[in-house]
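Here is a short briefing on one protein model. Look over the sequence and the coordinates first, then read the notes by topic.

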Amino acid sequence: MKVNVNEKLIELDENCNIEQLLATLESPLKGSAVAVNQKIISRSEWATFTLQENDQVSLFQAIAGG
């Protein structure tokens with residue numbers, strides 16, 4: 001299936017969850033935030049949140065600062 005990640009089309013296996021997506025992209029789990037179709041997905045849901053064909057995924061890196 002194809003999903004759009006940060007405006008880039010990516011081919012993934014069916015039933016891919018967010019943790020698998022981050023592993024595929026070699027993106028760190030820590031410090032990342034994910035939105036699917038403009039809805040923030042909490043980290044506790046990443047292992048069970050199954051992506052769907054044509055989902056729009058936004059990945060963000062949290063930045064600490066003050």
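A nonpolar core here is a set of buried Ala, Val, Leu, Ile, Met, Phe, Trp, Tyr and Cys residues joined through side-chain atoms within 4.5 Å. Buried means under 20% relative accessible area. The model is predicted. The largest nonpolar core in it has 16 residues.

**Fold**

- The protein has one helix and five strands.
- Read from the N terminus, the order of elements is β-β-α-β-β-β.
- Take the contacts between residues at least 6 apart in sequence: 54% of them join residues at least 24 apart.

**Core**

- The largest share, three residues, comes from α1.
- Which residues does isoleucine 18 touch, leaving out those up to four places away in sequence? They are Val34, Val36, Ile41, Trp46, Phe49 and Leu51.

**Phenylalanine 60**

- Beyond its neighbours within four places in sequence, phenylalanine 60 is in contact with Gly31, Ser32, Ala33 and Ala35.
- Phenylalanine 60 and leucine 21 are 39 residues apart in sequence, and their C-alpha atoms are 13 Å apart in space.

**Size and surface**

- The radius of gyration is 11 Å. This agrees with a compact globule, because one of 66 residues would have a value near 11 Å.
- Along the principal axes, the C-alpha atoms fill a box of roughly 40 × 25 × 20 Å.
- Of the 66 residues, 33% count as buried.
- The accessible surface comes to about 4600 Å². Carbon and sulfur atoms account for 49% of that surface.

**Charge**

- The protein has 5 positive and 9 negative charges.
- The mean positions of the two sets are 8 Å apart.

Key:
Residues numbered from 1 in each chain as written. Predicted model: local features only at pLDDT ≥ 70, side-chain atom pairs only at ≥ 80, totals over all residues. Heavy atoms only, no water. Buried < 20%, exposed > 50% of the residue type's maximum accessible area, 1.4 Å probe, protein only. Helix = DSSP H or I, 4+ residues; strand = E, 2+ residues; numbered from the N terminus. Contact = heavy atoms within 4.5 Å. Rg over C-alpha atoms; globule rule 2.2 N^0.38 Å. Areas by Shrake-Rupley, 256 points an atom, 1.4 Å probe, with all protein chains shown as cover. Lys, Arg positive; Asp, Glu negative; His and termini not counted. Charge placed at Lys NZ, Arg CZ, Asp CG, Glu CD.
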